[in-house]
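Hi,

Here is the model I promised to pass along. Have a look, and my notes follow below.

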Amino acid sequence: MDFIRRNFGLKVWAVIIAVVLWFSFNHLGRAQPIYSKTLELPLGVHGVAAGFVPSTPAKKVTVEFAGPQSTLDQISSDEFSAYVDCRGKAAGLYSLPVAVVGPNEDAVRSINPAQVVVTVDRYAYRSVPVVAASSGAGAPQLIFDPKAVTVAGAQSLVVQVFAAAVSAPPRGEWKNGAADAKATAVDAKLAPIAGVTVAPPYVRVAIAGRRQPGRR
């Protein structure tokens with residue numbers, strides 16, 4: 001009995017520590033290993049106020065997930081969406097955090113880039129003439145219908161639009177001396193301006209001097 005009573009407190013603590021260590025090695029040690037999985041998600045822009053349009057150079061983000069293999073096997077890009085929130089933002093330039101939503105959001109380990117630059121601009125539109133994309137020697141003189149189209153988008157881009165350029169369609173697309181061709185917003189040097197919509201997107205093209213169907 002003296003042997004048991006001697007340093008009794010220390011012996012109790014030793015037993016407790018031994019039990020804890022045994023539990024850690026035999027149960028926690030059997031936990032599933034952690035794996036990682038990477039998905040590429042398109043980047044959306046939410047919360048833009050009426051009368052404004054957003055633009056950002058980042059179109060996609062890379063999202064890394066971490067967790068047990070069984071969890072990662074169930075994760076697909078169709079279940080998640082990545083976005084930046086522009087609520088309350090007036091015209092200007094902003095650096096905004098990227099958010100990812102979907103099932104198993106707690107499995108998200110990292111987002112690259114974690115922040116993106118977003119430009120919020122006022123929406124604008126105006127009418128511009130339709131012109132030929134090339135008018136060098138030997139190029140046919142084209143007639144367009146309609147002769148003007150409407151360009152729309154961010155104000156900073158719309159003010160740069162000089163015209164809507166149309167190229168002569170390939171020979172196989174012509175029928176009865178006319179064809180439809182896509183109109184592209186261009187600046188004064190006829191360089192395309194991305195991010196601007198054209199309405200209508202296609203115009204009717206005919207070659208000057210050729211009789212049109214139904215005309216005499």
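Leu190 sits in the loop between S13 and S14 (strands are DSSP E runs of at least two residues, helices H or I runs of at least four, numbered from the N terminus). Its phi is near 65 degrees, positive even though Leu190 is not a glycine. Leu190 comes out as partly exposed, with a relative accessible area of 34% (buried is under 20%, exposed over 50%, partly exposed in between; 1.4 Å probe, protein chains only).

Before you go further: this is a predicted model, where local features need pLDDT of at least 70 and side-chain atom pairs count only at pLDDT 80 or more, while totals for chains, interfaces and linings use all residues. Residues are numbered from 1 along each chain as its sequence is written, and side-chain values use heavy atoms, with hydrogens and water left out.

Asn176 also has a positive phi without being a glycine, about 55 degrees. Asn176 is in the loop between strand S11 (163-166) and S12, and counts as exposed at 56% relative accessibility.

Ala183, in the loop between S12 (178-182) and S13 (184-186), is buried at 4%. Leaving out residues up to four places away in sequence, Ala183 touches Ala164, Ala165, Val166, Val198 and Pro201 (contact means heavy atoms within 4.5 Å).

Two cis peptide bonds to check out: Asn112 to Pro113, omega about 0 degrees, and Ala199 to Pro200, omega near -5 degrees.

Finally, there is an open three-stranded sheet, ordered S9-S15-S12 with antiparallel pairing (two strands pair if DSSP finds at least two bridges between them). S9 and S12 are the edge strands.

Cheers
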